[in-house]
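User: Please go through the labels used for this model and say what each one rests on.

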Amino acid sequence: FVEEEGVVEVLPSPELADAALDRFERFRRGEIGDRLSLSAVDVGSVLRYSAPGMVPGGVSDVEVDFHDGVVTLTARVLVEAFPGLPTLDGILGFLPDTVSISVEGALAPLDEDAISLVAHGVYASFIPVPLPDGMTPKILVALGRRSRAGLPEDALPFSLPDGVRSAHVLRDRLILVRDG
């Protein structure tokens, strides 16, 4: 927790990750209803501290934000770990070794086992405007995006966990719907 000017901000932590995963397991067993609501901090904590292999090497400090149904994933990316990153017409050559990349978009169903984050904008470090739309697919591929039937080229796929039928963002929460 961080308190500044009377406002308490909850930060991602291993403890929050453990608590979110415990709630998730109880949800999957049907002990707490057929819907589970997770905050962005819950999801960010799980990604940072409890989901090895889900975040590629060279990516750190993953942050998640949900606002009015829009999902924003932000992370620090070690440029040398992703040689396929577009050069942004020479801009990356002027940036530090590690850049902040944000992908902003909306969740969409992909198939019965997956959802996708369809990117509406990709931002790099301190460039104040989204990168050109044509660069989005190249950046996503460089960051490890794999093709999948029905997946738009400007989207990242995410497998739904066993026992989860669907997922969507409502205002500032991720809502998971349990099978059956």
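Predicted model: local features only at pLDDT ≥ 70, side-chain atom pairs only at ≥ 80, totals over all residues.

Analyst: Residues are numbered from 1 along each chain as its sequence is written, and side-chain values use heavy atoms, with hydrogens and water left out.

User: Why is D42 called buried?

Analyst: Buried means under 20% relative accessible area, with exposed over 50% and partly exposed in between (1.4 Å probe, protein chains only). D42 has a relative accessible area of 9%, so D42 is buried. D42 lies in helix α2; helices (H or I, at least four residues) and strands (E, at least two) are DSSP runs, numbered from the N terminus.

User: Which residues is D42 in contact with, leaving aside its neighbours within four places in sequence?

Analyst: They are L16, A20 and R23, where contact means heavy atoms within 4.5 Å.

User: How do you know what span helix α1 should have?

Analyst: The expected span is 1.5 Å times one less than the number of residues. For the 15 residues of α1 (residues 14-28) that gives 21 Å, and the end C-alpha atoms are 21 Å apart, which agrees.

User: What makes the buried residues of α1 line one face?

Analyst: The buried residues in α1 are A17, A20, F24 and F27. Seen down the axis of α1, they fall within an arc of 85°, so they line one face of the helix; the arc is that of the directions from the helix axis to the C-beta atoms. Their cover includes β3 (35-39), α2 (40-49), β9 (164-170) and β10 (173-178).

User: How do you know that β6 and β7 pair?

Analyst: Two strands pair if DSSP finds at least two bridges between them. Strand β6 (residues 98-111) and β7 have 10 bridges, in the antiparallel sense, and S102 has Y123 in β7 as its bridge partner. The two strands form a hairpin with two residues between them.

User: What joins β7 to β8?

Analyst: Five bridges join β7 to strand β8 (residues 155-159), and the two run antiparallel. S116 stands opposite P157 in β8.

User: What makes strand β7 mostly covered?

Analyst: In β7 (residues 114-124), nine of the 11 residues are buried.
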